[in-house]
Amino acid sequence: MDKIVKTDTEWQAQLSDLAYKVTRKHGTERAFTHDSFPKDPGTFRCICCGAPLFDQQTKFDSGTGWPSFYAPLDPDMVGERSDNSWFMRRTEVHCNRCDAHLGHVFPDGPAPTGLRYCINGVALTFEPED
């Protein structure tokens, strides 16, 4: 995989203010602000670099207000690291291609993985299946 590396100035020029805050500065969008994602078959990609991250088939309604998935499309594309901010212990997930902050993964998802990848909608774009 080719790593994408850009300066903060380049990311700011490419992304909306909110997408920059979330993906490059580890922010979080307000819950229930991205419930308009299509339900059609397709792929959710990183807003920063276009890497394929999640498939529509693994998306589910967690009731949390953020897009949730039970597995990444390719586990090598979604990295994890410990996040101890906000007086909590969580596992942050990021795009391995460009290091964009995506959200967090929790062990309370549905079968078959039992995982809930809770992802900021602004960190994703949707590519419909042909």
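Guide: Let's start with Trp-11, where Lys-6 lies over the face of the ring, 4.9 Å from the ring centre. Arg-24 also lies over the face of Trp-11, at 4.0 Å from the ring centre. Keep in mind that this is a predicted model, so read every distance here as computed from it.

Now for ring against ring. There are 4 aromatic pairs in the structure. Take Phe-44 with Phe-69: the ring centres are 5.1 Å apart and the planes meet at 65°, so this pair is edge-to-face. The cut-off behind that label is an angle over 60 degrees. Phe-44 belongs to strand 1 and Phe-69 to strand 4 (residues 68-69), so the pair ties together parts that lie 25 residues apart in sequence. As for burial, Phe-44 has a relative accessible area of 0% and is buried. Phe-69 counts as buried too, at 0% relative accessibility.

Phe-69 has another partner. With Phe-54 it forms a stacked aromatic pair, 4.4 Å centre to centre and with 20° between the planes. Phe-54 sits in strand 2 and Phe-69 in strand 4, so here the parts tied together are 15 residues apart in sequence. Phe-54, at 0% relative accessibility, is buried. Step back and you get one aromatic cluster, made up of Phe-44, Phe-54, Phe-69, Tyr-117 and Phe-126.

While we're on side chains, a word about the cysteines. Which cysteine sulfur is closest to that of Cys-49? It's the one in Cys-95, 3.6 Å away, and that is too far for a bond. The limit for a disulfide is 2.5 Å, and the count comes to 0 disulfides. Both partners are out of the way of solvent by the accessibility numbers: Cys-49 counts as buried at 16%, and Cys-95 is buried at 0%.

The peptide bond joining Ala-111 and Pro-112 is cis, with omega at about 10°. Pro-112 is in the loop between strand 7 (101-106) and strand 8 (116-119). Then there's His-26, which isn't a glycine but has a positive phi of about 60°. You'll find His-26 in the loop between helix 2 (17-25) and strand 1 (42-46), and at 41% relative accessibility it counts as partly exposed. Asp-99 is another non-glycine with a positive phi, about 65°. Its place is the loop between strand 6 (90-95) and strand 7, and with 34% relative accessibility Asp-99 counts as partly exposed.

How values were computed. Residues are numbered from 1 along each chain as its sequence is written. This is a predicted model: local features need pLDDT of at least 70, side-chain atom pairs count only at pLDDT 80 or more; totals for chains, interfaces and linings use all residues. Side-chain values use heavy atoms; hydrogens and water are left out. Helices (H or I, at least four residues) and strands (E, at least two) are DSSP runs, numbered from the N terminus. Buried means under 20% relative accessible area, exposed over 50%, partly exposed in between (1.4 Å probe, protein chains only). Rings of Phe, Tyr and Trp (its six-membered ring) pair if their centres lie within 6.5 Å; planes under 30 degrees apart count as stacked, over 60 as edge-to-face and the rest as tilted. A charge sits over a ring if NZ of Lys or CZ of Arg is within 6 Å of the ring centre and within 35 degrees of the ring normal.
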